Amino acid sequence: MGEIVVYLTFFLSALLLVAVRRKLKSVEKGAIAILVIGLLANAAICGILSGVTDRYQARVAWLLPALAIFILLRIRSEPRPATRTFA
């Protein structure tokens, strides 16, 4: 059951980042790129050195959901443009 939650959270985080891609700042895009490269490198290194073991990737897999939550909170905290009302 816990494994399903991890995969679902990771997948939903990736979808969230794709959904808000137009609102991302350049710093956030860079952080996402570095994170993805780091996750892929970690998977490759751990796969080569220790065989296929989920526990090594699980140590860093929480980074994408955490980054997605921080970006979502930043987007939600920005003031919305005022709407004009004509009287």
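1. Basis. This is a predicted model, where local features need pLDDT of at least 70, side-chain atom pairs count only at pLDDT 80 or more, and totals for chains, interfaces and linings use all residues. Residues are numbered from 1 along each chain as its sequence is written, and side-chain values use heavy atoms, with hydrogens and water left out.

2. Elements. The chain has four helices and zero strands. Its order from the N terminus is α-α-α-α. Helices (H or I, at least four residues) and strands (E, at least two) are DSSP runs, numbered from the N terminus.

3. Overall dimensions. The radius of gyration is 17 Å, whereas a compact globule of 87 residues would have one near 12 Å. That radius is taken over C-alpha atoms, and the globule rule is 2.2 Å times the number of residues to the power 0.38. Along the principal axes, the C-alpha atoms fill a box of roughly 70 × 30 × 15 Å.

4. Helix pair. Helix α2 (residues 26-50) and helix α4 (residues 63-77) have axes that come within 11 Å and cross at roughly 170 degrees. Axes are lines fitted to C-alpha atoms, for helices over the stretch in contact, and angles run from 0 to 180 degrees between N-to-C directions. The two helices are therefore roughly antiparallel (angles over 145 degrees).

5. Contact residues. From α2 come Glu28, Ala31, Ile32 and Leu35; from α4 come Leu63, Leu64, Leu67, Ile71 and Arg74. Contact means heavy atoms within 4.5 Å. Seven of these residues are nonpolar, none is polar and two are charged. Here Ala, Val, Leu, Ile, Met, Phe, Trp, Tyr, Cys and Pro count as nonpolar, Asp, Glu, Lys and Arg as charged, and the others, Gly among them, as polar.

6. Phe70. This residue is found in helix α4. Phe70 is exposed, at 59% relative accessible area (exposed is over 50%, with a 1.4 Å probe and protein chains only). Phe70 and Leu40 are 21 Å apart, C-alpha to C-alpha, and 30 residues apart in sequence.

Notes
Parallel < 35°, antiparallel > 145°, perpendicular 65-115°, else oblique. Buried < 20%, exposed > 50% of the residue type's maximum accessible area, 1.4 Å probe, protein only.
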